[in-house]
Structure formats: C-alpha cells, structure tokens
Amino acid sequence: KNILSNVTLRPIGDHLIVAPVIESETTPSGIYIPETVRTPTMKVIVVGMGPGLPNKKGFIKPIPVNMYDVILVGSLVGTEVKVDGESFLIIREDDIIAVIDPEEKS
C-alpha cells in the first residue's frame with residue numbers, strides 16, 4: 001500500500017504512481033525557457049509501485065526501480081489522478097526511460 005494524504009492507492013501489476021519534480025522555468029542566469037522548447041521528457045519521483053508482472057514461468061518480475069527514485073519519462077505518458085488537490089501520474093514500467101542517479105538529481 002502507498003499512502004498519499006488520506007487516500008490509499010495500491011497500484012497493480014507493472015503500474016507506478018509518480019509525482020512530478022518541479023523544475024525551474026528559467027536558466028541559472030535567469031532566462032525564461034518557453035514551454036515550446038522544453039525537453040519532451042519529464043522528471044518524476046516514484047511514490048507508489050505495483051508488484052510487477054508475471055514472467056513466462058509465472059514468477060513475478062519486479063519493477064527495476066525503487067521507491068523515491070527520480071526517473072525520466074516521456075512528457076505524454078500516464079494517467080493523471082488528483083488526490084487531495086495534488087496531481088500524480090499513474091504510469092507503466094514500459095514508460096520509464098531512465099533512472100536518474102542520486103548525484104545527478106539536483
């Protein structure tokens with residue numbers, strides 16, 4: 001179970017619940033970056049995970065990320081859900097492009 005506020009969401013199969021990582025809309029020097037030229041990917045943090053899907057032998061293949069990993073996904077993936085006014089995405093394991101190493105999170 002994964003508790004988000006007062007609601008318990010339990011993803012199934014290879015689904016993950018992720019929260020967007022808010023990134024600056026300006027460069028370090030203060031120049032505004034229009035949405036039309038921003039990257040087609042987004043950083044999200046894993047806040048809930050299903051157990052994974054069974055392989056051909058019937059054993060559950062776990063999802064290869066951990067809770068609270070920051071991952072990179074396409075900008076048009078997932079289903080948005082709102083829990084107590086906060087937005088989350090429910091995505092599938094196949095939507096994960098990469099895991100961002102801890103030293104590269106900031």
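**Close-up views of a predicted all-strand chain**

**View 1. Surroundings of leucine 16.** Leaving aside residues up to four places away in sequence, leucine 16 touches Val46, Gly48, Met49, Ile63, Val65, Leu89, Ile90, Ile91, Arg92, Glu93 and Ile96; contact means heavy atoms within 4.5 Å. The model is predicted: local features need pLDDT of at least 70 and side-chain atom pairs count only at pLDDT 80 or more, whereas totals for chains, interfaces and linings use all residues. Residues are numbered from 1 along each chain as its sequence is written, and side-chain values use heavy atoms, with hydrogens and water left out.

**View 2. The nonpolar cores.** The largest nonpolar core has 12 residues: Leu16, Val18, Val44, Val46, Ile63, Val65, Ile71, Val73, Val77, Leu89, Ile91 and Ile96. Two or more of its residues come from each of β3, β4 (41-49), β7 (70-74) and β9. A second, separate core has five residues, among them Ile17, Val47, Val83 and Phe88. A nonpolar core is a set of buried Ala, Val, Leu, Ile, Met, Phe, Trp, Tyr and Cys residues joined through side-chain atoms within 4.5 Å. Buried means under 20% relative accessible area, exposed over 50%, and partly exposed in between (1.4 Å probe, protein chains only).

**View 3. Salt bridge between arginine 92 and aspartate 14.** The side chains of arginine 92 and aspartate 14 form a salt bridge at 2.8 Å, N to O. Arginine 92 belongs to strand β9 (residues 86-92) and aspartate 14 to the loop between β2 (7-9) and β3 (15-20), so the pair ties together parts that are 78 residues apart in sequence. Arginine 92 is partly exposed at 38% relative accessibility, while aspartate 14 is buried at 5%. A salt bridge is a side-chain nitrogen of Lys or Arg within 4 Å of a carboxyl oxygen of Asp or Glu. The whole structure holds two salt bridges.

**View 4. Salt bridge between lysine 61 and glutamate 93.** Here the side chains of lysine 61 and glutamate 93 meet at 3.2 Å, N to O. Lysine 61 has a relative accessible area of 44% and is partly exposed; glutamate 93, with 15%, is buried.

**View 5. Tyrosine 68 in its loop.** Tyrosine 68 sits in the loop between β6 and β7. Its phi is near 70 degrees, a positive value in a residue other than glycine. With 52% relative accessibility, tyrosine 68 counts as exposed.

**View 6. Aspartate 101 and valine 70.** Aspartate 101 is in the segment after β10 (96-100). The C-alpha atoms of aspartate 101 and valine 70 are 7.8 Å apart in space, and the two residues are 31 apart in sequence. Aspartate 101 has a relative accessible area of 39% and is partly exposed.

**View 7. The chain as a whole.** The chain has zero helices and 10 strands. Helices (H or I, at least four residues) and strands (E, at least two) are DSSP runs, numbered from the N terminus. Of the 106 residues in the chain, 29% are buried. Among contacts between residues at least 6 apart in sequence, 62% join residues at least 24 apart. The chain exposes about 7300 Å², of which carbon and sulfur atoms supply 57%; accessible areas come from the Shrake-Rupley method with a 1.4 Å probe, and for residues only the protein chains shown count as cover.
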